[in-house]
Amino acid sequence: MQNPLNYLLDRLYYTSHIRLLIEGVLLASLFPTLRFLTWWAAGSTFAPTPTDHAFFALFVAPWFETLIIFVPIVEALRGFKVKSWVNVLVTSVAFGLIHPSFILGFYLGIAFSLIYVLARRFSFLHAVMYSTIVHFVYNLFIFGLQTLVS
């Protein structure tokens, strides 16, 4: 039986650019959407998000985290010829460690690093741009949910 990360990598390896971006956004949004729906069903709400936090979350964080976390780790592990699924796992742990919720950060790290590793087959620029775009769309989605319920 194949491990789940290797299965996702194999399944998405031959997809088109657009499908890779769309499936990356869907994968990244699945867990937080379920978490939001359970909070909403229980009657809880998110705290309002200040504008400066929104700017940071939407524009600074996706670029910063891609360039500080994904690029050095993924590229170093690629240089050592580490298997792709191990690369995704290690990068996801590092991504989870810099977030307040390790579980959510780890989950999102899987989604974003999958996109990075898969887009890397096209070029370095594709990998950086695609993982940043998916991260931006995810943050925009979460910010939209927070704005909707506050």
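Me: Why is phenylalanine 141 called partly exposed?

Reply: This is a predicted model, and in it phenylalanine 141 has a relative accessible area of 31%. Buried means under 20% and exposed means over 50%. The value of 31% lies in between, so phenylalanine 141 counts as partly exposed.

Me: Where is phenylalanine 141, and what is it in contact with?

Reply: Phenylalanine 141 sits in helix α6. Leaving aside neighbours within four places in sequence, phenylalanine 141 is in contact with Ser29 and Thr33. Valine 60 is 81 residues from phenylalanine 141 in sequence, and their C-alpha atoms are 16 Å apart in space.

Me: How do you know that the span of α6 agrees with what a helix should give?

Reply: Helix α6 has 26 residues, and at 1.5 Å a residue they should span 38 Å. The rule takes 1.5 Å times one less than the number of residues. The end C-alpha atoms of α6 are 38 Å apart, so the two values agree.

Me: What makes serine 123 a cap for α6?

Reply: A side-chain oxygen of serine 123 lies 3.4 Å from the backbone nitrogen of leucine 125, at the N-terminal end of α6. A polar contact needs N or O atoms within 3.5 Å, so this distance passes.

Me: Which residues of α6 are buried?

Reply: Among them are Ala127, Val134, His135, Tyr138 and Leu145.

Me: Now the rings. Why is the pair of phenylalanine 95 and phenylalanine 112 called edge-to-face?

Reply: Two values settle it. The ring centres are 5.7 Å apart, and the limit for a pair is 6.5 Å, so the rings do pair. Their planes stand at 90°, and over 60 degrees counts as edge-to-face, so that is the name the pair gets.

Me: What makes this pair a link between distant parts of the chain?

Reply: Phenylalanine 95 is in helix α4 and phenylalanine 112 is in helix α5, 17 residues apart.

Me: How do you know that these two are buried?

Reply: Phenylalanine 95 has a relative accessible area of 0%, and phenylalanine 112 is at 1%. Buried means under 20%, so both residues qualify.

Me: How many aromatic pairs are there in the whole structure?

Reply: A search finds 6. One of them joins phenylalanine 70 and phenylalanine 112, edge-to-face, with 6.5 Å from centre to centre and 90° between the planes. Phenylalanine 70 lies in helix α3 and phenylalanine 112 in helix α5, so this pair ties together parts that are 42 residues apart in sequence. Ring pairs also link Phe70, Phe95, Phe112 and Tyr138 into a cluster.

Me: How confident is the predictor, and which element has the lowest mean pLDDT?

Reply: The mean pLDDT of the chain is 85, and 90% of its residues reach 70 or more.

Conventions:
Residues are numbered from 1 along each chain as its sequence is written. This is a predicted model: local features need pLDDT of at least 70, side-chain atom pairs count only at pLDDT 80 or more; totals for chains, interfaces and linings use all residues. Side-chain values use heavy atoms; hydrogens and water are left out. Rings of Phe, Tyr and Trp (its six-membered ring) pair if their centres lie within 6.5 Å; planes under 30 degrees apart count as stacked, over 60 as edge-to-face and the rest as tilted. Helices (H or I, at least four residues) and strands (E, at least two) are DSSP runs, numbered from the N terminus. Buried means under 20% relative accessible area, exposed over 50%, partly exposed in between (1.4 Å probe, protein chains only). A polar contact is a pair of N or O atoms within 3.5 Å; within protein, one must be able to donate a hydrogen and the other to accept it, and residues adjacent in sequence count only if both atoms are side-chain atoms. Contact means heavy atoms within 4.5 Å. pLDDT is the predictor's confidence in each residue, from 0 to 100.
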